[in-house]
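The tour moves from one selection to the next.

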Amino acid sequence: MFIFTYLLDAQPHQFSRNPSSNSLNFKKPKLKLSHLHFYFHEIPTDDHPTTVQVAKANMTNTSPTLFGATFMIDDPLTEGPERASKIVGRAQGLYAFASLSEIRLLMALNYVFIEGKYNGSTLSILGTNAVFSKVREMSIVGGSGLFRFARGYALAKTYYFNTTTGNAVVEYNVYVLHY
């Protein structure tokens, strides 16, 4: 009887609530639009590669699209296309070959900025990347620091690609709305 009474008196757990804007330090929500321009350096063949394969499916080696191959990355983001250009951040995350019919990647990564006013801020990218298209668009699905509550899109355009080594430089134009 004691246990039954206890269960009746127990307070239900609260799954969600609607906090006030003030509790999140929102004064006047005013969105800003930022345009970021940088270069992403994919370096799988080097003494210190920034891209490594971490998984593959049994069929990957016979697939014309490398379906199932998965890579972890920690690629430098630079101001210019040259490898020695000033590093402004890192692209950290993973991508996987995700199409049976074409070379198309699933990208899930964070741009981690280390320079200027965005130092310590991140943008989260999630989307598809048809690597042989002239320009690819991926979604900005969030962020941290100055990019908290971010949304927007990233446009990727291949600047350089070496078919022998796999080394690539991709130009990014990122348009992001944030508070």
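This is a predicted model: local features need pLDDT of at least 70, side-chain atom pairs count only at pLDDT 80 or more; totals for chains, interfaces and linings use all residues.

**Stop 1: Glu-42**

Stay on Glu-42. It lies in strand β1, residues 32-42.

Is Glu-42 buried or exposed? Glu-42 is buried, yet it has no salt bridge. Select Arg-136 to check: this is the nearest side chain of opposite charge, and it is 9.9 Å away. A salt bridge would need a nitrogen-to-oxygen distance within 4 Å.

Next, show the surroundings of Glu-42. Leaving out residues up to four places away in sequence, Glu-42 touches Thr-50, Thr-51, Ile-73, Asp-75, Tyr-95, Gly-166, Asn-167 and Ala-168.

**Stop 2: Tyr-95 and its ring partner**

The structure holds 15 aromatic pairs. Phe-71 and Tyr-95 form one that is stacked, with 5.2 Å centre to centre and 20° between the planes. Phe-71 sits in strand β3 (residues 70-78) and Tyr-95 in strand β4 (residues 87-97), so the pair ties together parts that are 24 residues apart in sequence. Both residues, Phe-71 and Tyr-95, are buried.

**Stop 3: the ring cluster**

Select Phe-38, Phe-40, Tyr-111, Phe-113, Tyr-118, Phe-147 and Tyr-172 together. Ring pairs link these residues into a cluster.

Beyond its neighbours within four places in sequence, Phe-38 is in contact with Leu-77, Thr-78, Val-88, Tyr-111, Phe-113, Val-170, Glu-171, Tyr-172 and Val-174.

**Stop 4: the nonpolar core**

In soluble globular proteins, nonpolar side chains tend to be buried together. Here, the largest nonpolar core has 29 residues. Which of them touch the most other members? Select Phe-38, Tyr-111, Phe-113, Leu-123, Tyr-172 and Val-174.

Colour by element next. Those giving two or more residues to this core are β1, β3, β4, β5 (105-113), β6 (122-129), β7 (136-144), β8 (151-161) and β9 (168-178). Which element gives the most? It is β5, with five residues.

**Stop 5: two loop residues**

Go to Leu-66, in the loop between β2 (51-55) and β3. Check its backbone: phi is near 60°, a positive value in a residue other than glycine. Leu-66 has 38% relative accessibility, so it counts as partly exposed.

Then jump to Phe-149, in the loop between β7 and β8. Its phi is near 65°, again positive in a residue other than glycine. Phe-149 is partly exposed too, with a relative accessible area of 46%.

**Stop 6: the whole chain**

Clear the selection and show the cartoon. How many helices and strands does the protein chain have? There are one helix and nine strands. Trace the chain along its sequence, and the pattern is α-β-β-β-β-β-β-β-β-β.

Colour by accessibility to finish. Of the 179 residues of the protein chain, 36% count as buried.

Note on methods. Residues are numbered from 1 along each chain as its sequence is written. Side-chain values use heavy atoms; hydrogens and water are left out. Helices (H or I, at least four residues) and strands (E, at least two) are DSSP runs, numbered from the N terminus. Buried means under 20% relative accessible area, exposed over 50%, partly exposed in between (1.4 Å probe, protein chains only). Lys and Arg count as positive and Asp and Glu as negative; His and the chain ends are not counted. Contact means heavy atoms within 4.5 Å. Rings of Phe, Tyr and Trp (its six-membered ring) pair if their centres lie within 6.5 Å; planes under 30 degrees apart count as stacked, over 60 as edge-to-face and the rest as tilted. A nonpolar core is a set of buried Ala, Val, Leu, Ile, Met, Phe, Trp, Tyr and Cys residues joined through side-chain atoms within 4.5 Å.
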